[in-house]
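Please take the sequence and the model that follow, and keep both at hand while reading.

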Amino acid sequence: RNCDAAAVHNGQMNMDPLFSTEKIHETCDTKLGLEYYLRHGEQDFMQDIPGSYVFVIADKKRSEVVVMRDRFGIKPACLGEKDGKYCIASENVAFLDQGARVVEDLEPGTIYYLSERGSFRKTKVLSPEKKHCFFEWNYISNIDSIINEVGVRKIRTELGKALAEEFDPEDVDIITYLPRCPKVAARSFAKHTGKEDKFTEVFYKLNSERAFLGTNKTDRNSSIKKNLYLHTRMEDLLRNKVVLVIDDSIIRGNNSAYAGELLKGCNVKKVYYASYTPRIGEIGADGIARGCMFGVDMPPDDDFIVRTEDGKRNRTVEEIDTIMGRNIYFMNKKGMFNAFERAGIKRKDLCSFCIGGEYPFKI
(Lines give C-alpha, C1' and ligand atoms only; values in the text may rest on other atoms or scores of the structure.)
Protein backbone atom coordinates (compact mmCIF):
# COMPACT_ATOMS: atom_id res chain seq x y z
CA ARG A 1 0.00 0.00 0.00
CA ASN A 2 1.41 3.32 -1.12
CA CYS A 3 4.91 1.91 -1.70
CA ASP A 4 6.92 0.27 -4.48
CA ALA A 5 8.42 -2.54 -2.44
CA ALA A 6 8.50 -4.02 1.07
CA ALA A 7 11.10 -6.12 2.88
CA VAL A 8 11.42 -8.49 5.83
CA HIS A 9 14.92 -9.06 7.18
CA ASN A 10 16.41 -11.30 9.86
CA GLY A 11 20.06 -10.57 10.65
CA GLN A 12 22.27 -7.49 10.61
CA MET A 13 24.13 -5.86 7.74
CA ASN A 14 26.87 -3.23 7.48
CA MET A 15 25.60 -0.81 4.86
CA ASP A 16 28.05 2.06 5.49
CA PRO A 17 30.63 1.09 2.82
CA LEU A 18 27.93 0.89 0.15
CA PHE A 19 26.60 4.41 0.81
CA SER A 20 29.90 6.02 1.79
CA THR A 21 29.67 8.76 -0.87
CA GLU A 22 26.16 9.81 0.17
CA LYS A 23 24.76 11.65 3.17
CA ILE A 24 22.73 8.87 4.74
CA HIS A 25 20.58 9.75 7.74
CA GLU A 26 18.84 6.36 7.81
CA THR A 27 20.21 3.85 10.35
CA CYS A 28 17.89 0.93 9.60
CA ASP A 29 19.88 -1.68 7.69
CA THR A 30 16.68 -3.28 6.39
CA LYS A 31 15.54 -0.02 4.78
CA LEU A 32 18.99 0.62 3.30
CA GLY A 33 19.11 -2.95 2.02
CA LEU A 34 15.79 -2.50 0.25
CA GLU A 35 17.07 0.77 -1.25
CA TYR A 36 20.17 -1.03 -2.51
CA TYR A 37 18.04 -3.75 -4.09
CA LEU A 38 15.86 -1.16 -5.87
CA ARG A 39 18.95 0.47 -7.34
CA HIS A 40 21.03 -2.59 -8.20
CA GLY A 41 18.89 -5.76 -8.09
CA GLU A 42 19.19 -8.96 -6.09
CA GLN A 43 22.33 -10.31 -7.80
CA ASP A 44 24.42 -7.29 -6.78
CA PHE A 45 22.76 -7.32 -3.37
CA MET A 46 24.11 -10.84 -2.79
CA GLN A 47 27.55 -10.01 -4.17
CA ASP A 48 28.08 -6.65 -2.47
CA ILE A 49 26.42 -6.55 0.93
CA PRO A 50 28.51 -7.76 3.89
CA GLY A 51 26.62 -9.12 6.84
CA SER A 52 24.04 -11.57 8.03
CA TYR A 53 20.69 -11.76 6.32
CA VAL A 54 17.69 -13.69 5.27
CA PHE A 55 16.12 -10.93 3.18
CA VAL A 56 12.65 -11.20 1.65
CA ILE A 57 11.35 -8.63 -0.86
CA ALA A 58 7.92 -8.05 -2.37
CA ASP A 59 8.32 -5.74 -5.38
CA LYS A 60 5.27 -4.39 -7.23
CA LYS A 61 7.16 -4.57 -10.53
CA ARG A 62 7.64 -8.34 -10.19
CA SER A 63 5.32 -11.33 -10.01
CA GLU A 64 7.66 -13.27 -7.67
CA VAL A 65 8.74 -12.70 -4.07
CA VAL A 66 12.55 -12.56 -3.85
CA VAL A 67 14.24 -14.38 -0.95
CA MET A 68 18.01 -14.17 -0.29
CA ARG A 69 20.15 -16.00 2.28
CA ASP A 70 23.75 -14.89 2.72
CA ARG A 71 26.53 -17.31 1.84
CA PHE A 72 27.44 -17.83 5.52
CA GLY A 73 23.97 -18.97 6.62
CA ILE A 74 24.43 -17.21 9.95
CA LYS A 75 20.68 -16.83 10.57
CA PRO A 76 18.36 -19.80 9.96
CA ALA A 77 15.65 -19.98 7.30
CA CYS A 78 13.56 -22.66 5.69
CA LEU A 79 11.08 -23.15 2.86
CA GLY A 80 7.59 -24.51 3.47
CA GLU A 81 4.43 -25.23 1.48
CA LYS A 82 0.79 -24.79 2.43
CA ASP A 83 -2.35 -24.99 0.30
CA GLY A 84 -0.31 -25.08 -2.90
CA LYS A 85 1.76 -21.97 -2.06
CA TYR A 86 5.35 -21.67 -0.85
CA CYS A 87 6.38 -19.68 2.21
CA ILE A 88 9.47 -18.75 4.23
CA ALA A 89 10.13 -18.79 7.98
CA SER A 90 13.13 -18.74 10.29
CA GLU A 91 12.19 -22.04 11.94
CA ASN A 92 10.32 -25.10 10.73
CA VAL A 93 8.01 -25.11 13.79
CA ALA A 94 6.33 -22.01 12.33
CA PHE A 95 5.13 -24.19 9.45
CA LEU A 96 4.10 -27.08 11.67
CA ASP A 97 2.06 -24.72 13.87
CA GLN A 98 0.18 -23.51 10.79
CA GLY A 99 -0.37 -26.89 9.17
CA ALA A 100 2.26 -26.35 6.47
CA ARG A 101 4.78 -28.83 5.09
CA VAL A 102 8.53 -28.33 5.54
CA VAL A 103 10.37 -28.48 2.21
CA GLU A 104 14.03 -27.61 2.94
CA ASP A 105 16.46 -25.27 4.66
CA LEU A 106 17.33 -22.35 2.41
CA GLU A 107 20.72 -22.92 0.82
CA PRO A 108 23.30 -20.27 1.81
CA GLY A 109 24.35 -18.04 -1.09
CA THR A 110 21.13 -18.72 -2.97
CA ILE A 111 18.21 -16.63 -4.20
CA TYR A 112 14.73 -18.18 -4.06
CA TYR A 113 11.83 -16.88 -6.16
CA LEU A 114 8.30 -17.64 -4.94
CA SER A 115 5.59 -17.41 -7.58
CA GLU A 116 2.01 -16.33 -6.95
CA ARG A 117 1.05 -19.37 -9.03
CA GLY A 118 2.39 -21.66 -6.30
CA SER A 119 5.81 -22.66 -7.66
CA PHE A 120 9.34 -21.73 -6.69
CA ARG A 121 12.73 -21.62 -8.32
CA LYS A 122 16.19 -20.90 -6.99
CA THR A 123 19.47 -19.53 -8.31
CA LYS A 124 22.79 -20.19 -6.66
CA VAL A 125 24.83 -16.98 -6.65
CA LEU A 126 27.66 -17.63 -4.18
CA SER A 127 29.40 -20.74 -2.89
CA PRO A 128 28.40 -21.46 0.72
CA GLU A 129 30.93 -20.66 3.46
CA LYS A 130 28.90 -21.85 6.43
CA LYS A 131 29.19 -19.92 9.69
CA HIS A 132 25.97 -20.75 11.50
CA CYS A 133 25.21 -18.91 14.76
CA PHE A 134 25.70 -21.43 17.61
CA PHE A 135 23.50 -19.25 19.84
CA GLU A 136 20.46 -20.18 17.74
CA TRP A 137 20.68 -23.73 19.15
CA ASN A 138 21.88 -22.72 22.61
CA TYR A 139 19.18 -20.16 23.28
CA ILE A 140 17.19 -18.46 20.53
CA SER A 141 15.37 -21.23 18.66
CA ASN A 142 12.32 -23.24 19.68
CA ILE A 143 13.21 -26.53 21.37
CA ASP A 144 11.29 -28.49 18.70
CA SER A 145 12.93 -26.73 15.75
CA ILE A 146 15.32 -28.40 13.34
CA ILE A 147 17.86 -25.79 12.24
CA ASN A 148 20.15 -26.52 9.29
CA GLU A 149 19.10 -30.20 9.54
CA VAL A 150 20.08 -30.55 13.22
CA GLY A 151 17.51 -30.58 16.01
CA VAL A 152 17.67 -27.97 18.76
CA ARG A 153 16.66 -30.62 21.31
CA LYS A 154 19.54 -32.83 20.21
CA ILE A 155 22.07 -30.02 20.59
CA ARG A 156 20.86 -29.05 24.06
CA THR A 157 20.91 -32.68 25.16
CA GLU A 158 24.55 -32.91 24.08
CA LEU A 159 25.34 -29.60 25.79
CA GLY A 160 23.98 -30.98 29.07
CA LYS A 161 26.12 -34.07 28.64
CA ALA A 162 29.22 -31.98 27.84
CA LEU A 163 28.62 -29.82 30.92
CA ALA A 164 28.38 -32.97 33.04
CA GLU A 165 31.75 -34.11 31.69
CA GLU A 166 33.36 -30.87 32.89
CA PHE A 167 31.53 -29.89 36.03
CA ASP A 168 30.05 -32.17 38.70
CA PRO A 169 30.13 -30.76 42.27
CA GLU A 170 29.65 -33.56 44.79
CA ASP A 171 27.71 -31.59 47.41
CA VAL A 172 24.69 -30.72 45.22
CA ASP A 173 21.27 -31.50 46.72
CA ILE A 174 19.06 -30.06 43.97
CA ILE A 175 19.64 -29.64 40.23
CA THR A 176 17.38 -27.15 38.46
CA TYR A 177 17.42 -24.62 35.60
CA LEU A 178 16.39 -21.08 34.77
CA PRO A 179 13.32 -21.33 32.50
CA ARG A 180 12.85 -22.11 29.80
CA CYS A 181 15.60 -22.91 27.30
CA PRO A 182 17.95 -24.97 29.54
CA LYS A 183 15.36 -27.54 30.64
CA VAL A 184 16.52 -30.27 28.25
CA ALA A 185 20.20 -29.57 29.00
CA ALA A 186 19.55 -29.65 32.75
CA ARG A 187 17.80 -33.03 32.52
CA SER A 188 20.66 -34.34 30.40
CA PHE A 189 23.18 -33.03 32.93
CA ALA A 190 21.36 -34.76 35.80
CA LYS A 191 21.24 -38.02 33.84
CA HIS A 192 24.92 -38.03 32.92
CA THR A 193 26.06 -37.15 36.45
CA GLY A 194 23.92 -39.96 37.89
CA LYS A 195 21.79 -37.45 39.80
CA GLU A 196 18.45 -37.75 38.03
CA ASP A 197 16.69 -38.03 41.38
CA LYS A 198 17.95 -34.54 42.29
CA PHE A 199 16.40 -32.79 39.30
CA THR A 200 13.63 -30.43 40.47
CA GLU A 201 11.52 -27.70 38.85
CA VAL A 202 12.25 -24.69 41.08
CA PHE A 203 11.46 -21.65 38.88
CA TYR A 204 8.72 -20.84 36.42
CA LYS A 205 7.87 -18.02 34.02
CA LEU A 206 4.42 -16.61 33.41
CA ASN A 207 5.08 -16.24 29.70
CA SER A 208 7.77 -16.76 27.08
CA GLU A 209 8.88 -13.12 27.07
CA ARG A 210 12.67 -12.81 26.89
CA ALA A 211 14.11 -10.05 29.04
CA PHE A 212 17.39 -10.49 27.18
CA LEU A 213 15.81 -8.68 24.21
CA GLY A 214 14.80 -5.58 26.19
CA THR A 215 16.08 -2.28 24.81
CA ASN A 216 17.69 -1.13 28.08
CA LYS A 217 18.62 -2.33 31.57
CA THR A 218 15.49 -0.90 33.19
CA ASP A 219 13.19 -2.67 30.73
CA ARG A 220 15.10 -5.93 31.14
CA ASN A 221 14.99 -5.84 34.95
CA SER A 222 11.29 -5.00 34.94
CA SER A 223 10.58 -7.87 32.55
CA ILE A 224 12.48 -10.34 34.74
CA LYS A 225 10.78 -9.39 38.01
CA LYS A 226 7.31 -9.54 36.46
CA ASN A 227 7.93 -12.92 34.87
CA LEU A 228 10.28 -15.12 36.97
CA TYR A 229 8.92 -16.83 40.09
CA LEU A 230 9.50 -19.77 42.43
CA HIS A 231 7.07 -22.67 42.46
CA THR A 232 4.92 -22.88 45.57
CA ARG A 233 6.32 -24.35 48.79
CA MET A 234 9.90 -23.92 47.65
CA GLU A 235 11.07 -22.40 50.93
CA ASP A 236 10.74 -25.68 52.82
CA LEU A 237 12.34 -27.66 50.01
CA LEU A 238 15.30 -25.33 49.48
CA ARG A 239 16.13 -24.38 53.06
CA ASN A 240 19.76 -25.24 53.89
CA LYS A 241 20.20 -27.04 50.54
CA VAL A 242 23.01 -26.82 47.96
CA VAL A 243 21.38 -25.85 44.65
CA LEU A 244 22.83 -26.07 41.14
CA VAL A 245 21.10 -23.81 38.58
CA ILE A 246 21.82 -24.51 34.91
CA ASP A 247 21.39 -21.68 32.43
CA ASP A 248 21.82 -21.32 28.67
CA SER A 249 24.11 -18.28 29.07
CA ILE A 250 25.21 -15.50 31.40
CA ILE A 251 25.47 -12.34 29.32
CA ARG A 252 24.65 -9.31 31.45
CA GLY A 253 23.84 -11.31 34.58
CA ASN A 254 20.36 -9.84 35.09
CA ASN A 255 18.36 -13.08 35.10
CA SER A 256 20.90 -14.98 37.16
CA ALA A 257 21.18 -12.15 39.71
CA TYR A 258 17.42 -12.10 40.27
CA ALA A 259 17.28 -15.90 40.46
CA GLY A 260 19.93 -15.68 43.17
CA GLU A 261 17.82 -13.20 45.12
CA LEU A 262 14.86 -15.58 45.02
CA LEU A 263 17.00 -18.48 46.23
CA LYS A 264 18.56 -16.37 48.96
CA GLY A 265 15.08 -15.63 50.24
CA CYS A 266 14.63 -19.37 50.75
CA ASN A 267 17.75 -19.57 52.94
CA VAL A 268 19.66 -21.97 50.71
CA LYS A 269 23.02 -23.13 51.96
CA LYS A 270 24.94 -22.64 48.71
CA VAL A 271 24.29 -21.94 45.02
CA TYR A 272 26.20 -23.13 41.97
CA TYR A 273 25.32 -21.42 38.69
CA ALA A 274 26.49 -23.18 35.51
CA SER A 275 26.22 -21.90 31.93
CA TYR A 276 26.52 -24.25 28.96
CA THR A 277 27.59 -21.25 26.84
CA PRO A 278 31.16 -19.96 27.33
CA ARG A 279 31.85 -16.36 28.36
CA ILE A 280 30.28 -13.92 25.89
CA GLY A 281 31.81 -10.49 25.25
CA GLU A 282 35.41 -11.13 26.23
CA ILE A 283 38.43 -9.91 24.27
CA GLY A 284 39.70 -12.25 21.56
CA ALA A 285 43.30 -13.20 20.84
CA ASP A 286 43.37 -10.34 18.30
CA GLY A 287 42.71 -7.80 21.08
CA ILE A 288 39.22 -6.92 19.80
CA ALA A 289 36.32 -6.79 22.26
CA ARG A 290 33.67 -9.31 21.33
CA GLY A 291 29.91 -9.10 20.97
CA CYS A 292 27.53 -9.86 18.10
CA MET A 293 27.17 -7.76 14.95
CA PHE A 294 25.19 -10.35 13.01
CA GLY A 295 21.67 -10.17 14.39
CA VAL A 296 21.70 -11.06 18.11
CA ASP A 297 21.20 -8.12 20.46
CA MET A 298 24.70 -8.24 21.97
CA PRO A 299 26.72 -5.30 20.53
CA PRO A 300 30.43 -5.19 21.48
CA ASP A 301 29.89 -2.17 23.74
CA ASP A 302 27.13 -3.87 25.73
CA ASP A 303 27.09 -4.22 29.52
CA PHE A 304 28.51 -7.76 29.58
CA ILE A 305 29.15 -9.44 32.92
CA VAL A 306 32.80 -9.92 31.86
CA ARG A 307 33.20 -6.16 31.43
CA THR A 308 34.96 -4.31 34.26
CA GLU A 309 34.01 -0.81 35.41
CA ASP A 310 36.85 0.71 33.38
CA GLY A 311 35.45 -0.85 30.21
CA LYS A 312 37.92 -3.72 29.90
CA ARG A 313 36.84 -7.32 29.32
CA ASN A 314 39.16 -9.14 31.69
CA ARG A 315 36.86 -9.79 34.66
CA THR A 316 37.77 -13.20 36.04
CA VAL A 317 35.33 -15.94 37.02
CA GLU A 318 36.30 -15.34 40.65
CA GLU A 319 35.39 -11.65 40.32
CA ILE A 320 32.09 -12.61 38.70
CA ASP A 321 31.49 -14.99 41.64
CA THR A 322 31.89 -12.07 44.03
CA ILE A 323 29.54 -9.81 42.04
CA MET A 324 26.89 -12.50 41.66
CA GLY A 325 27.29 -13.86 45.19
CA ARG A 326 27.53 -17.50 44.13
CA ASN A 327 29.79 -20.06 42.44
CA ILE A 328 29.77 -19.47 38.67
CA TYR A 329 30.88 -21.96 36.03
CA PHE A 330 31.14 -21.32 32.29
CA MET A 331 31.43 -24.34 30.03
CA ASN A 332 34.71 -24.68 28.16
CA LYS A 333 34.67 -23.70 24.48
CA LYS A 334 36.12 -27.06 23.53
CA GLY A 335 33.35 -28.83 25.41
CA MET A 336 30.66 -26.82 23.63
CA PHE A 337 32.15 -27.48 20.21
CA ASN A 338 32.44 -31.19 21.03
CA ALA A 339 28.73 -31.22 21.84
CA PHE A 340 27.94 -29.70 18.43
CA GLU A 341 30.24 -32.16 16.67
CA ARG A 342 28.50 -35.10 18.36
CA ALA A 343 25.14 -33.72 17.24
CA GLY A 344 26.31 -33.40 13.64
CA ILE A 345 27.56 -29.82 13.19
CA LYS A 346 31.23 -29.29 12.41
CA ARG A 347 33.21 -26.74 14.40
CA LYS A 348 34.32 -25.00 11.22
CA ASP A 349 30.69 -24.40 10.23
CA LEU A 350 29.93 -22.29 13.33
CA CYS A 351 30.37 -18.57 13.99
CA SER A 352 31.89 -18.12 17.45
CA PHE A 353 32.93 -14.47 17.27
CA CYS A 354 30.99 -13.49 20.43
CA ILE A 355 33.00 -15.94 22.56
CA GLY A 356 36.41 -14.99 21.19
CA GLY A 357 36.39 -16.72 17.79
CA GLU A 358 37.38 -15.24 14.46
CA TYR A 359 35.25 -12.77 12.52
CA PRO A 360 33.05 -15.03 10.34
CA PHE A 361 33.81 -13.32 7.04
CA LYS A 362 36.00 -10.74 5.36
CA ILE A 363 34.62 -7.35 4.35
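**A walk through the predicted model**

By class, the lining of the largest cavity comprises eleven nonpolar residues, one polar and one charged, where Ala, Val, Leu, Ile, Met, Phe, Trp, Tyr, Cys and Pro count as nonpolar, Asp, Glu, Lys and Arg as charged, and the others, Gly among them, as polar. The model is a predicted one, in which local features need pLDDT of at least 70 and side-chain atom pairs count only at pLDDT 80 or more, while totals for chains, interfaces and linings use all residues. Residues are numbered from 1 along each chain as its sequence is written, and side-chain values use heavy atoms, with hydrogens and water left out.

That cavity holds about 90 Å³ of space, and among the 13 residues lining it, Cys133, Cys292, Phe294, Cys351 and Cys354 are the closest to its centre. The structure has two cavities of 30 Å³ or more. On a 1 Å grid over the protein atoms alone, a cavity is a set of points where a 1.4 Å probe fits but cannot get out, whereas a pocket is an open set with protein on both sides within 12 Å along at least five of seven lines, and lining residues have an atom within 4 Å of a point. Grid points are joined across faces, edges and corners, and a volume is the space filled by probe spheres set on the points. The second largest pocket has a volume of about 290 Å³; it is lined by 16 residues, with Asp105, Lys130, His132, Asn148 and Glu149 nearest its centre, and its lining divides into five nonpolar, three polar and eight charged residues.Among the strands, β16 (residues 270-275) and β17 (residues 327-330) pair in the parallel sense over four bridges, pairing being assigned if DSSP finds at least two bridges between two strands. Helices (H or I, at least four residues) and strands (E, at least two) are DSSP runs, numbered from the N terminus. Tyrosine 273 has isoleucine 328 of β17 as its bridge partner, and Ile328 belongs with Phe330 to the covered face of β17, while Asn327 and Tyr329 make up the uncovered one.

Asparagine 138 lies in helix α4 (residues 134-140) and is buried, with a relative accessible area of 0%; buried means under 20% relative accessible area, exposed over 50%, and partly exposed in between (1.4 Å probe, protein chains only). Alanine 162, in helix α5 (residues 152-166), is buried too, at 2%, and its C-alpha atom is separated by 5.7 Å from that of glycine 335, 173 residues apart along the chain.

As for the backbone, most residues other than glycine have a negative phi, and most peptide bonds are trans. Aspartate 83, in the loop between β4 and β5, has a positive phi of about 55° and counts as exposed at 71% relative accessibility. A cis peptide bond, with omega about 0°, joins proline 179 and arginine 180.
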